[in-house]
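These are my notebook entries on a single structure. I set down what I looked up, topic by topic.

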Amino acid sequence: MTASLQQPPRTRQGLKVIGLLLAAAIAAFLLNGFRVVQPLLQQDDFQILAQSWTWEKTWAGIWVPQNEHCMPLGRLLTWLLVRVAGRPTAVPQVTSLVGPCALLFALPLVYVFVKRELGHAFYGVLAVILFGVTAVYQQAIYWFAASYSVLALDMLLLALLAAQQHLRADSPLSAGELQNQDDAYSVRQRRRAIRWSYLGLCTALCTFAPCWFASGILVGPFCCLYLLPAQSSESFPTWQARLRTAFVRFTPMLGTVLFLAVSLPLTAKTILHLEHYEMQHTDAVAAFRPDKGFYYTNKALVENLLLGLVGVCEVPVPWWLAMFVLVPLLIAAGTWWWLRARPQDRRLMLLGVGMIYCSYVLVYSARSRWADQIEMCGEAWCRYNLVPQLGLALFFCGGLPAWQGRSFVGTTDRRRWWHRVCFALNTDGTLTGRQVVAFSVLIGISFLIQLTRGVAGAYWDYPRQHADLHRVEVLDACCRDHRIGADAARRSLLKLEIDGSLGGVNGWEFLWGSADPVERPDDEVKRLLEVCDVPKN
């Protein structure tokens, strides 16, 4: 390990890190937040909004699945967003902020988690750049219906931070703490209380994560995967102690089990016989094909993650090239990276591998029939890359500390700049000037590589949508002026297909109507509304 250089004040170091994280956040927002400038609703957005348009509908449908997603927290947030918007034409703008804000919230969590795990700010900043400055999962950010998966990711990161603190509180006592037996006993008791508090918090987060999106069901298993490897300071004198420790580290799964125990009796029948399964003459169980899921997962490693690093999408790779050439090469490279890593860092790498494979296998097993007909490497499916991209960043960063301070034979002074940037780290965990410059350049290069994909992939145009929502807004004002209830108005109006909804929801579901309606014949209601109606373009 290289000798520590003279360090600038801590305040200046903190500003460097904050500046880099801010630059990465701005780049991530520009790549994935295109919809904030041109907000639109599409497809499933209308179903979610219609179910939570009023408090009565929200509460009645709190456990009603949205496709495979049982999302009570999502229902409540949607109702809150509708209330904040206040009028139909403002709803697209408000909902477009959910994904970008959730992503911006996730980035500092990634930094803190990786920095604490690997012990240096260098790895935390790098993980943020690798995960955040990309458009590989942009659909999860700009599409309101998919943005709940980012909120589930936030819950995953919070749960991992709690699990991390549980492990850190389990560190051995220092020599000074061991000198006084009474003090040592009180310290042990205090640490035990802290450990169980963090473990309880982790379990609670694992319980609520699936309430945002179905992908949250993996938060419990991911936390167990992170906790399971033994720490270097641990010893198990008996098999009972080993079994007890293993049981403690599987505690986060109790949160997942609790969620399933509550939700499945209320939602299983609906999910089992969803419309898109009925159209295929099957059900959710028969459509779940792990064999095909594993096949499409291996293809996704090449088509989504590998090509996604250089901003390439919509390029299907022949199955024989992916399965027999590229995937074996990736597995060989990953195995080499794993074997060269420090043993204590493999916990993070194991978590990264689990995030990649478990996420892909789960979703592609459930979507196997769609994948047989549609290429899953396109922008229409890139939302499934969210958690795997984070897993890739964790796996790569986990292998880097093994190279810290290592010198390379044959390097000259002119060619050692990359060595000083990547492997000559300050021993106190701060960044050098070269590293700040290198990270700034990396953010810029990553942004430029992903820019074309970020803009082109998010471009959807529904030219009539704003006019349709404005029409709803005008008639809703008319209902309030004439004290017409929303149900009475819907009975008197022909179905409205808002541009972008694909006919899934009647546009008049977005009427609030009068809070104090007067009973009128439908013909009179129709006549009053026709006077207020906006002519169609």
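**Entry 1**

I call a residue buried under 20% relative accessible area, exposed over 50%, and partly exposed in between (1.4 Å probe, protein chains only). The model is predicted, so I kept local features only at pLDDT of at least 70 and side-chain atom pairs only at pLDDT 80 or more, while totals for chains, interfaces and linings use all residues. Residues are numbered from 1 along each chain as its sequence is written, and side-chain values use heavy atoms, with hydrogens and water left out. I take helices (H or I, at least four residues) and strands (E, at least two) as DSSP runs, numbered from the N terminus.

**Entry 1. Salt bridges**

I count a salt bridge when a side-chain nitrogen of Lys or Arg is within 4 Å of a carboxyl oxygen of Asp or Glu. How many salt bridges does the whole structure hold? My search found 11.

I looked up the pair of E473 and R87, where the closest N and O atoms are 4.0 Å apart. E473 lies in helix α25 (residues 465-481) and R87 in the loop between α5 (72-85) and α6 (91-95), so this pair ties together parts that are 386 residues apart in sequence. R87 has a relative accessible area of 43% and is therefore partly exposed. E473, at 21%, is likewise classed as partly exposed.

I then noted R464 with D468, whose closest N and O atoms are 3.1 Å apart. Are the two partners buried or partly exposed? R464 is partly exposed because its relative accessibility is 40%; D468 is buried because its relative accessible area is 9%.

R520 and E524 also meet through their side chains, at 3.4 Å from N to O. I recorded R520 as partly exposed at 23% and E524 as partly exposed at 28%.

Helix α10 (residues 144-168) has 25 residues. From first C-alpha to last I find 37 Å, close to the expected 36 Å; the expected span is 1.5 Å times one less than the number of residues. Of its 25 residues, 23 are buried, so α10 is largely enclosed by the rest of the structure.

For voids I used a 1 Å grid over the protein atoms alone: a cavity is a set of points where a 1.4 Å probe fits but cannot get out, a pocket is an open set with protein on both sides within 12 Å along at least five of seven lines, and lining residues have an atom within 4 Å of a point. Grid points are joined across faces, edges and corners, and a volume is the space filled by probe spheres set on the points.

I found 3 cavities of 30 Å³ or more. The largest cavity has a volume of about 70 Å³, and its lining includes S149, A152, L153, L156, F222 and V387. The elements giving two or more residues to this lining are α10 and α13 (219-227). Which element gives the largest share? It is α10, with 4 residues.

I count 31 lining residues, with L309, L330, L392, F395 and F396 nearest its centre. Helix α19 supplies the largest share, 7 residues. Among the other elements that each supply at least two are α8 (121-132), α20 (346-366) and α22 (386-399).

Patches are built from residues with over 30% relative accessible area and no salt bridge, like charges being joined within 9 Å and nonpolar side chains (Val, Leu, Ile, Met, Phe, Trp, Tyr) within 5 Å. Accessible areas come from the Shrake-Rupley method with a 1.4 Å probe; for residues, only the protein chains shown count as cover.

I recorded a nonpolar surface patch of L306, L309, V310, L330, V437, V441, I445 and I449, with about 630 Å² of accessible area together. Helix α24 (residues 433-457) gives the largest share, 4 residues. V310 sits in the loop between α18 (290-306) and α19 (319-340).

**Entry 2. Single residues**

Q13, in helix α1 (residues 10-32), is buried at 5% relative accessible area. Q13 and L431 are 418 residues apart in sequence, yet 7.0 Å apart in space, C-alpha to C-alpha.

I also looked up positive phi values. Q43, which is not glycine, has phi near 50° and lies in the loop between α2 (34-37) and α3 (44-51). R483, also not a glycine, has phi of about 55°; it belongs to the loop between α25 and α26 (486-492).
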